[in-house]
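Subject: Handover of a structure, with notes

Dear colleague,

Please find below the structure that I am handing over to you. My notes on it follow directly after.

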Amino acid sequence: MSQAAVITAYNEPLEVRDIAPPKLEKGGMICRVDAATLCATDVKIWHGAIDYGPILPYIPGHETASIVEEIDGERSDILGEPLKPGDRVIVAYRFCGHCFHCTIGQQPNLCPNATRYGRVRADVHPYLLGGCAQQHYFPEGADVIRIPDEVSSALAASAACAFRTVMHGFERLGGIGSSEDVLIQGSGPLGLFATAVARDRGARRVFTIGAPAARLKVAKDMGADEICNIEEFNRQQRKEWLLDMTSGRGPDVVVQCVGAEAVGEGLDLVRRGGRFLSIGAGSGDQTIPGAIFTNKNLTLVGVLSGMAHHFYQALDFLATRKNTFPFDNFITGTYRLDQTTEALEAMAAYKEVKPVIYPNA
Amino acid sequence: MEVLAAVVSEHNVPLRVQPVPLPELEVGAILGRVEAATLCATDVHVWHGDLGSKAGQSITPYIPGHETASVVVDVNGERRDLLGEIIKPGDRVVVAYPFCGKCFYCTIAGQPTLCEDSIRYGRERCDLFPYLLGGCAEYHYYPARAEVIRIPDEVSSPLAAASACAFRTIMHGFERLGDIRPNETVLVQGSGPLGLFATAVAREKGARRVLTIGGPEARLEVAKALGADEVLNIADASDAAQRTDWVLGETSGRGADVVIQCVSASAIPEGLNMVRRGGRYVSIGTGPEAVTIPGAIFTNKNLKFASIRSGRAHHFHQALDFLATRKKDIPFDLFISAEYSLSQTTQALEDMASYKIVKPVILPTLA
């Protein structure tokens, strides 16, 4: 039996249940969860704000670092090295491999048949598809990425969603010129990772806009030259602040790490001819002056999720830049399985950057 | 000495053909005799007063027309074309906007089309030196810093003129779009000059299929002649949802891999519903109106989106070269649907405004 924190009704406290581990399918893998981190998407799903269909009851958590316990047959990591019990891994969503997006479009992150974690019914086989549990099942065909020794499980878990999406974003953005200023909208996990990557990729200056002050302090640690707290400055003031620092033009690159509601502001802030990378999701309309989409001569890139090589890039970044960026500042609170509700609430209230659940603690 | 020009003295009021001073040439400046001036929708917007004021200042009186093919009459000093060849009287040319060459956009960013101090033909006052900065006149003044592109012999002056705005912007758009894969379907929103050129280029760049949405029927016939596999007349599908369904029906329910917006900003929300997840969107048609879109659409659809303003000298070259080298395969002459004299410029603007004409051409030598 494996214990799991289960959401049985939206917005209601979670219930810790015993769940029978599934019978392994050919190539399937069962792992012991070492650390599961939560992200804003987990909160939104819990609140019922994103519609994934009839998923109740489900185990939340799609950022999971785990240790291989059992594999049915042979299975290798993305670099072809055979996996064995005891290996510490993160695992990508399982893409179907035979739809238009997987094959022709070469964008499996858009696969409509993907098995996603943290939003799948826990009362049907294979039950254990969320991180907030003692064990996790990973279906055959999902790419496995080994966690470097230098990276803690908690940090590796957080690389499994936010950070790999940021890596995907920077890949699609392309290079950053050494004379280019980068604005990061948002100081949640996405924004903090983006701040570090923009700094590492050689931006001239990195500005981070967000809240609260504790997160902005982490942004500074991650390499932000200047920060702006949205609790203290309104949209007009933020614009003036930024124009003032960019010779009246606006930043060359804006990375949106907030959500739909920040898109209009970001497009207003980026300089004419600049680039806008849109990562934060969410819902709601934005009304935008038409000229922004024509005369401003912008390049706009949207990214959803990521592919296996982005997980690899994120883990590798954490390992090799360990001494440059104090990534441990990300992990702001630790919780037991029976405290998962509390962790979700703390995330919803922006009290945490990354809450981590240790289900086997 | 004075020459004749069609002058807009007041927005939305008929133009008058009147004498305008012939300027003395500054060092490096060129005087051209206008062979053909074509009009574009922007000329109509500027005439209506919707676009084109400069730093909040009125631009009247001005000579409309920013798509002009000229024959060089006089050069003060030595000038060379884009490829370094000396320009002499008798050469047939189109000339880019003169960018300032010393602002952030011209120098650091490498994006001179965003230059804040460029002279833009067809919307500069003609009561101030050098007076002749619009195509609807007998002569055109070209400042020293403007790039000059020679017109290939194979290309008529009206067609060369048409390439001086719409077509060079399309070339800029396709450059920013990048490669089109042989299995990709391209949707062109719009069948005005921008949309028609985009249809021809998408076909030529090897798109699997090209779909063009627009109207009226006469323009869609041209779209087909230029390579559209399927066309949809917005008169037959007046509802955006109907048009989106048509695109989905043509693309296995996914939407087009690439959408080129050649209408105006108002077409963007519809176009974003027509592009497939993971697809690419190029926005070219301009317009002042605000658009409302789902804020997360770029993220959730994993889109790439490029907006295009104007074009650079090498895009003029690409456009003229395309016209010259694809002449026998693509019936570009269908673009030039009516000729007007200088005194008929008002009529030409009205015909453009009512979508009667794809590219009206003003021939100042026409009596």
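I begin with the place where the two chains meet: 41 residues of chain A and 39 residues of chain B take part in the contact. Two residues are in contact if their C-beta atoms, placed from the backbone, lie within 7 Å. On the side of chain A that touches chain B, α2 (100–103), β13 (285–289) and β14 (299–302) each supply at least two residues. The largest share, 5 residues, comes from β13(A). By type, the residues on this side of chain A are 16 nonpolar, 20 polar and 5 charged. Here Ala, Val, Leu, Ile, Met, Phe, Trp, Tyr, Cys and Pro count as nonpolar, Asp, Glu, Lys and Arg as charged, and the others, Gly among them, as polar.

Before you read on, please note that this is a predicted model, in which local features need pLDDT of at least 70 and side-chain atom pairs count only at pLDDT 80 or more, while totals for chains, interfaces and linings use all residues. Residues are numbered from 1 along each chain as its sequence is written, and chains are lettered from A and ligands numbered from 1 in the order in which they are written.

The two chains

Chain A contains 9 helices and 16 strands, and chain B contains 10 helices and 16 strands. Helices (H or I, at least four residues) and strands (E, at least two) are DSSP runs, numbered from the N terminus. A compact globule of 361 residues would have a radius of gyration near 21 Å, and the 20 Å of chain A agrees with this.

Along its principal axes, the C-alpha trace of chain A spans about 60 × 40 × 40 Å; the C-alpha atoms of chain B fill a box of roughly 65 × 45 × 40 Å. Buried residues make up 55% of chain A and 54% of chain B. A residue is buried if 20 or more other C-beta atoms lie within 10 Å of its own, exposed if 12 or fewer, and partly exposed in between, with C-beta atoms placed from the backbone. Among contacts in chain A between residues at least 6 apart in sequence, 67% join residues at least 24 apart.

Which strands form the open sheet, and in what order? Its 12 strands run β10(A)-β9(A)-β8(A)-β11(A)-β12(A)-β14(A)-β14(B)-β12(B)-β11(B)-β8(B)-β9(B)-β10(B), with mixed pairing. The edge strands, β10 (226–229) of chain A and β10 (230–233) of chain B, each pair on one side only. Two strands pair if DSSP finds at least two bridges between them.

Where the chains join, β14(A) and β14 (residues 304–307) of chain B pair in the antiparallel sense over 3 bridges. In this pairing A:Thr299 has B:Ala306 as its bridge partner. A:Thr299 is also the bridge partner of A:Arg275, where strand β12 (residues 275–278) of chain A and β14(A) run parallel and are joined by 4 bridges.

A helix and strands of chain B

Helix α9 (residues 313–325) of chain B has 13 residues, which at 1.5 Å a residue should span 18 Å; its end C-alpha atoms are 18 Å apart, in agreement. The expected span is 1.5 Å times one less than the number of residues. Its buried residues include B:Phe316, B:Leu320 and B:Leu323. Among the elements that cover the buried residues of α9(B) are β5 (92–95), β7 (148–150) and α3 (157–177) of chain B.

β5(B) and β7(B) pair in the antiparallel sense over 3 bridges, with B:Ile149 as the partner of B:Val94. Strand β4 (residues 67–75) of chain B is joined to β5(B) by 2 bridges, also antiparallel, and here B:Val93 is the partner of B:Ser70.

One residue of chain A

Is A:Val144 buried or exposed? A:Val144 counts as buried because 23 C-beta neighbours lie inside 10 Å. This residue is in strand β7 (residues 144–146) of chain A. The residues that A:Val144 touches include A:Arg75, A:Ile78 and A:Val91.

With kind regards

How values were computed. Rg over C-alpha atoms; globule rule 2.2 N^0.38 Å. Lists of a residue's contacts leave out its neighbours within four places in sequence.
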